[in-house]
Amino acid sequence: MNAQMRLVSFIFILGLVWFASCAPPTCYSRTLELSNEIMSGLDNLHKSSRTKTCAEFLPKMFLDVHNSCIKSKLRDFLYVAENLPTEHCRERPRIRLLKRRVQILYTIISRVCYRDLVFFTDDCEALETGIISPRYSEDRLERLIEDA
């Protein structure tokens with residue numbers, strides 16, 4: 001009987017773990033996941049010999065979901081991706097998949113999670129260069145000046 005109780009307890013705990021992992025993703029986790037997928041997909045486009053010539057037309061993009069400029073950057077990227085100069089580039093499966101992911105991320109940020117995301121910065125240049133410049137609050141900046 002003791003072995004049966006252990007087995008039942010073990011199966012119950014496994015069921016709880018499985019049930020907990022079935023929770024739907026939050027808006028924030030989904031935007032982080034999609035932005036990482038887009039970044040790796042864009043990197044693969046630039047590295048692949050089949051898509052390298054087409055990827056040269058796409059703008060550089062370093063996504064940060066905490067940057068308030070992300071919506072305009074995604075919108076600009078979609079415009080360029082939809083208007084690539086050759087039909088061959090527009091119809092490449094990897095480019096179509098990347099374009100679809102960017103559309104989904106844009107929709108999630110602008111409609112689904114409109115008020116759930118918090119933007120910590122508005123450095124639009126960081127989305128193009130990948131270099132985030134530190135922004136100090138006025139109090140911190142005054143202390144830095146006084147210490148100098």
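Let's start with serine 35, which is found in helix H2; helices here are DSSP runs of H or I with at least four residues, strands are E runs of at least two, and both are numbered from the N terminus. This is a predicted model, in which local features need pLDDT of at least 70, side-chain atom pairs count only at pLDDT 80 or more, and totals for chains, interfaces and linings use all residues. Residues are numbered from 1 along each chain as its sequence is written, and side-chain values use heavy atoms, with hydrogens and water left out.

Serine 35 counts as buried because its relative accessibility is 4%; buried means under 20% relative accessible area, exposed over 50%, and partly exposed in between, with a 1.4 Å probe and protein chains only. A polar atom of its side chain lies 2.9 Å from the backbone oxygen of leucine 32. Leaving aside residues up to four places away in sequence, serine 35 touches Leu63, Val65 and Leu105, a contact being heavy atoms within 4.5 Å.

Leu105 leads us to helix H6, where it is one of the buried residues, along with others including Ile95, Leu98 and Val102. H6 (residues 93-112) has 20 residues and reaches 27 Å from its first C-alpha to its last, close to the expected 28 Å; that expectation is 1.5 Å times one less than the number of residues.

| Helix | Residues |
|---|---|
| H2 | residues 27-47 |
| H3 | residues 52-55 |
| H4 | residues 70-82 |
| H5 | residues 87-90 |

Stepping back, the protein has 8 helices and 0 strands, and buried residues make up 28% of its 148 residues.

Conventions: Polar contact = N/O pair within 3.5 Å; in protein donor to acceptor, adjacent residues only side chain to side chain.
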